[in-house]
Amino acid sequence: MGAYDPEKEVRQPLLNKEIQPIICEKTTSTRPSSSSSEKRRKPTVSTVAFSLVLLGAILAFFSSLTLLLALANALSNSPAEKLESCAWDTLKSHVSLLDVPRIGHKEFLKRQSILAAALDEAGVDAFIAEPSASSSYYANISSAYDLSERPFLMILDRTGKFSYLAPKFELGRIAGLDMVFKKKTVIEWAEEESPYDVLKRETSYKKVMLDEHVRFMIAAGVQATGIEVVPMSQAIQSLRAVKTEAELAVLRGINAFTLELIRSLQKCIDIGMSQETIDTAAHSLFSRAGVGSGYWAIVLFGEQAASPHGGSSGKTLQDGEFVLIDIGSSLHSYGSDVTRTILPSKSTISEELMGIWKTVHASQSAAVALMRANETCSDVDAASRKVIIDAGYGEFFTHRLGHGLGLEMHEHPYLNGANSEKLKIGEVVTNEPGIYVTGEEAKGLGRSVGFGVRLEDPILVSADGGVPMTGSRAKSPYEP
């Protein structure tokens with residue numbers, strides 16, 4: 001459809017010869033009056049018909065308007081909007097938690113310097129990454145950049161020199177990215193050239209380290225030129241795992257706010273609400289606070305929560321059912337990841353289920369105490385798991401204890417039984433034990449209905465033990 005051009009508009013005459021206006025005026029009859037009391041002419045059939053049509057149109061208009069107003073009122077009072085409004089009354093006073101500055105220019109340059117020194121120590125000529133969390137971390141090249149079959153590579157060498165390889169016809173667009181560097185070298189390649197041959201010719205690298213997110217086709221292409229390719233080392237991985245004070249401030253802000261959002265919802269959730277109502281309201285609350293773009297959530301009721309990541313929907317909350325909310329968003333590209341298993345204030349629960357909630361809480365406590373420097377990741381997982389095993393539910397704790405959190409929702413280090421890596425001061429790792437019993441498994445426990453309970457806080461590793469990045473841990477299902 002073309003654009004509207006007022007100069008080309010064909011305007012119709014105000015009055016058409018075939019359509020004459022209806023003119024109402026006072027007339028005097030020329031016929032003799034049949035009665036001396038008759039002073040005015042009687043209305044004609046056409047006049048009466050017009051009046052009725054006009055009256056009908058007016059009534060229809062007001063009827064439609066009333067219907068539209070009623071519909072608008074109904075939409076404005078949807079269950080999700082009511083829940084959002086109720087929760088916002090509590091949450092709005094905590095929005096200031098998000099008033100944290102972005103990572104500064106100097107910190108990016110410092111990261112590049114640290115990486116260059118590590119590469120030199122490892123005897124590697126350069127580090128190569130595609131747009132990813134690593135490129136975001138070192139040069140502010142967002143992982144949101146769309147990858148294609150044409151390589152766009154960030155390169156940092158052992159001397160600290162920053163460069164990137166890119167298609168020649170894309171140079172203008174790529175130059176517009178908000179990258180951080182002291183100086184840059186652009187390695188361009190034309191469509192009739194191999195980008196990997198150009199890389200070798202322009203750099204003379206002998207040995208390069210590839211970021212863990214680099215695609216296989218890139219690794220194969222570089223290796224085919226004769227350049228030695230090595231995978232990302234644990235030493236380089238740990239550079240991003242240990243957080244700076246600026247990163248910790250961002251993570252603390254978004255995770256503390258996320259917990260306050262859950263608390264505000266708990267005060268307003270009621271029996272009979274749907275999963276979709278809570279999910280929609282939560283998204284609206286994050287958006288209202290200005291951090292809705294990174295939103296995600298898992299909302300599960302009762303037996304649904306026996307599957308840790310859910311997958312089902314359309315359920316309404318019944319009395320005596322837990323509400324499991326695993327939720328997060330992002331601030332300056334750093335994420336939150338918080339889980340609470342809660343109850344509405346009017347809901348009651350069996351002593352057995354309350355005991356299971358307390359067991360999970362004790363399991364989390366055991367792990368928090370061990371989340372200190374030089375503790376082995378597998379040992380922390382084992383300490384948490386032992387509490388649940390001793391309570392008789394060991395087979396129902398079906399996943400690892402936790403994972404690193406930062407620019408990625410799941411990153412190094414991982415707390416599981418196979419990881420012998422040592423924790424370092426400044427790492428942020430989730431602590432999320434759980435007990436999950438399906439309906440079929442519940443029968444073996446003498447129960448008719450399954451359930452799931454999980455508690456999760458991102459924890460800062462310190463010299464003396466873990467510190468919750470949420471600000472505080474849950475106290476009960478009624479006090480998340």
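Predicted model: local features only at pLDDT ≥ 70, side-chain atom pairs only at ≥ 80, totals over all residues.
## The largest cavity

Helix H8 (234-241) and strand S13 (411-415) each contribute at least two residues to the lining of the largest cavity. H8 provides the largest share of that lining, with four residues.

The residues lining the largest cavity are Glu212, Met232, Ile236, Gln237, Arg240, Ala241, Glu408, Glu411 and His412. Sorted by class, this lining comprises three nonpolar, two polar and four charged residues. The space within the largest cavity amounts to about 70 Å³. In a search of the whole structure, one cavity of 30 Å³ or more is found.

## The second largest pocket

The second largest pocket holds about 520 Å³ of space. Its lining is made up of 23 residues. Those that lie nearest the centre of the pocket are Ser136, Asn140, His332, Ser333 and Leu407.

Three secondary-structure elements, helix H3 (105-122), helix H4 (133-139) and strand S10 (334-335), each supply at least two residues of the lining of the second largest pocket. By class, the lining of this pocket contains nine nonpolar, 10 polar and four charged residues.

## Summary of the two sites

For the largest cavity, the volume is about 70 Å³, and H8 gives the largest share of the lining. For the second largest pocket, the volume is about 520 Å³, and helices H3 and H4 together with strand S10 are the elements that each supply at least two lining residues.

Notes: Residues numbered from 1 in each chain as written. Heavy atoms only, no water. 1 Å grid on protein atoms, 1.4 Å probe; cavity = no way out; pocket = protein on both sides within 12 Å on 5 of 7 lines; lining within 4 Å. Points joined across faces, edges and corners; volume = space filled by probe spheres on them. Nonpolar A, V, L, I, M, F, W, Y, C, P; charged D, E, K, R; others polar.
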